[in-house]
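Grab the coordinates and work along.

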Amino acid sequence: MYIDPPYNTGNEGWIYNDNLTQPQFKEWVGKVVGKEGEDLTRHDKWCCMTYPRLQLLKELLSEDGSIWVSIDDNEVHHLRMLLNEVFGEENFIANVVWQKRYVSNVTAQWLSDMHDHILVYAKEAMSFKVNLDERTVEQLKDYKNPDNDERGPWRAQDLSASKPYAAGVFEITGPSGLTFNPPPRRYWRCSKQQFETWLADGRIWWGKTNDARPMLKAFLSEVQDGLTPNTWWTHSAAGHNKEATLELKMLFAGTAPFDSPKPVKLLQRIVRLATSDGDLVLDCTAGSGTTGHAVLASNKDGEGTRRFVLIQQRYDTKLDEDDSINIAQSVTADRVRRVITGGSNPSEATGGTFTYVRLGKPLFDQFRSFEEGGEPSFPDLAKYVFYTETSAYFDPAAVDKKTGFIGRHGKRSYYLLYSPNGVDDAALTTDWLEKTFQQNPGPKVVYAERILMRTEDIKAKNAEARQVPFNLK
């Protein structure tokens with residue numbers, strides 16, 4: 001998972017309006033925090049907004065998965081505490097510092113802000129594996145083969161070390177007769193016996209004139225396939241803010257329809273380090289769609305067939321009337337579409353496919369209670385029940401409100417006994433199940449507002465019962 005939540009900077013000009021003054025946030029915080037949260041402007045309210053979302057994301061995360069969260073200095077300390085609470089301190093992986101700018105801000109009040117943070121947590125640290133960084137062309141140039149060793153290119157490594165090692169204090173005699181001791185306050189990184197083994201195996205290098213200090217030959221063919229990644233990500237390795245804006249302008253004919261996007265190089269680096277072929281990447285604060293762009297670009301580069309889910313929340317009901325400010329449709333989805341086709345430059349097309357879906361109104365709240373303002377209609381709840389049970393297409397024409405039948409999948413039939421706009425009697429009774437069993441003796445799942453039967457009697461009729469709304473998935 002990667003998320004780029006609001007940074008709580010108080011910047012009204014930002015497209016997310018992230019100072020938590022939106023009516024939606026006020027209403028939500030008012031319910032959860034209560035009267036003591038009436039100022040609604042700073043850190044405690046930001047934490048109230050963030051905490052339940054992290055809890056949900058943890059439920060969705062695979063056991064070997066990880067979450068990478070971008071943040072700046074405004075909330076990094078609070079976010080770290082929230083992530084410790086949700087994921088556990090033992091599952092903290094790293095605090096990556098990303099160089100988001102490459103030129104200092106000369107108008108800064110004190111010090112020029114040049115970095116953001118990316119906090120990394122695993123679902124289970126012992127199950128999480130990070131991929132290695134590829135060696136750069138410059139790093140590969142360090143491996144040479146001046147003595148034509150049949151084992152191939154190698155790099156000379158220092159034979160001394162700073163860690164005290166009693167067996168590492170001895171004198172070495174070189175081919176020319178010169179003797180060598182460890183440098184002051186240092187030790188040989190091996191015992192005399194190990195040195196003799198390396199010497200016999202041709203792993204000690206004495207320089208081209210055979211009288212230089214001994215060095216250990218590290219063969220490229222024997223080292224790990226890459227380098228262990230570190231927590232300092234320079235703009236040259238992970239992109240920068242200006243680069244991100246230029247990427248959007250390239251895709252959108254010279255305009256950047258989204259403020260403060262992240263560069264593709266940054267997200268590609270995260271995708272490459274944290275995922276494997278076939279993995280699913282989730283970004284629930286998708287913004288301009290950089291995460292989807294990064295996954296598609298990685299797949300094009302031959303790094304597998306990763307998939308992605310991007311979620312962009314629509315905070316304003318007016319967005320339905322004015323799609324020009326509908327970020328999800330006019331920016332996020334449009335960007336992914338242009339990346340796939342190449343837009344005005346087909347040679348840059350990544351290929352791939354995606355589906356744009358607009359979610360309907362929530363049926364129930366975070367407490368599994370129906371949303372305030374009315375219970376869902378029978379068709380809406382029937383569609384929801386059938387899909388969550390089967391992941392199959394729901395056919396409204398198959399619904400029989402008289403019996404509560406909402407569809408069949410495989411050998412199972414599904415029923416919903418629910419009163420609003422539906423069946424008159426929303427109770428699962430012995431008479432109803434006996435009658436239904438005679439009509440349809442096959443296996444069935446029944447959702448009902450009231451269950452007036454014993455579990456063993458329900459099972460005897462080849463049925464399973466779920467209570468509405470408590471057993472809704």
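**Exercise 1.** Work out the handedness of the crossing of H2 and H3, then list the contact residues and sort them by type.

*Solution.* Step one: H2 crosses H3 in a right-handed sense (the near helix is turned clockwise from the far one by less than a right angle). Step two: on the H2 side, the contact (heavy atoms within 4.5 Å) uses His43, Trp46, Cys47, Thr50, Tyr51, Leu54, Gln55 and Lys58, and H3 brings His78, Leu79, Leu82, Leu83, Glu85, Val86 and Phe87. Step three: sorted by type, that's nine nonpolar, four polar and two charged residues (Asp, Glu, Lys and Arg count as charged; Ala, Val, Leu, Ile, Met, Phe, Trp, Tyr, Cys and Pro as nonpolar; the others, Gly among them, as polar).

A word on the source: this is a predicted model, where local features need pLDDT of at least 70, side-chain atom pairs count only at pLDDT 80 or more, and totals for chains, interfaces and linings use all residues. Residues are numbered from 1 along each chain as its sequence is written, and side-chain values use heavy atoms, leaving out hydrogens and water.

**Exercise 2.** Describe how helix H9 (residues 290-300) packs on helix H10 (residues 327-341).

*Solution.* Start with the geometry: the angle is about 20° and the axes lie 9 Å apart. The two helices are therefore roughly parallel (angles under 35 degrees). Next, handedness: H9 passes H10 in a right-handed crossing. Finally, the contact: Thr290, His293 and Leu296 of H9 meet Arg335, Val336, Val339 and Ile340 of H10. By type, these are four nonpolar, two polar and one charged.

Terms used
Axes fitted to C-alpha atoms, helices over the stretch in contact; angles between N-to-C directions. Helix = DSSP H or I, 4+ residues; strand = E, 2+ residues; numbered from the N terminus. Parallel < 35°, antiparallel > 145°, perpendicular 65-115°, else oblique.
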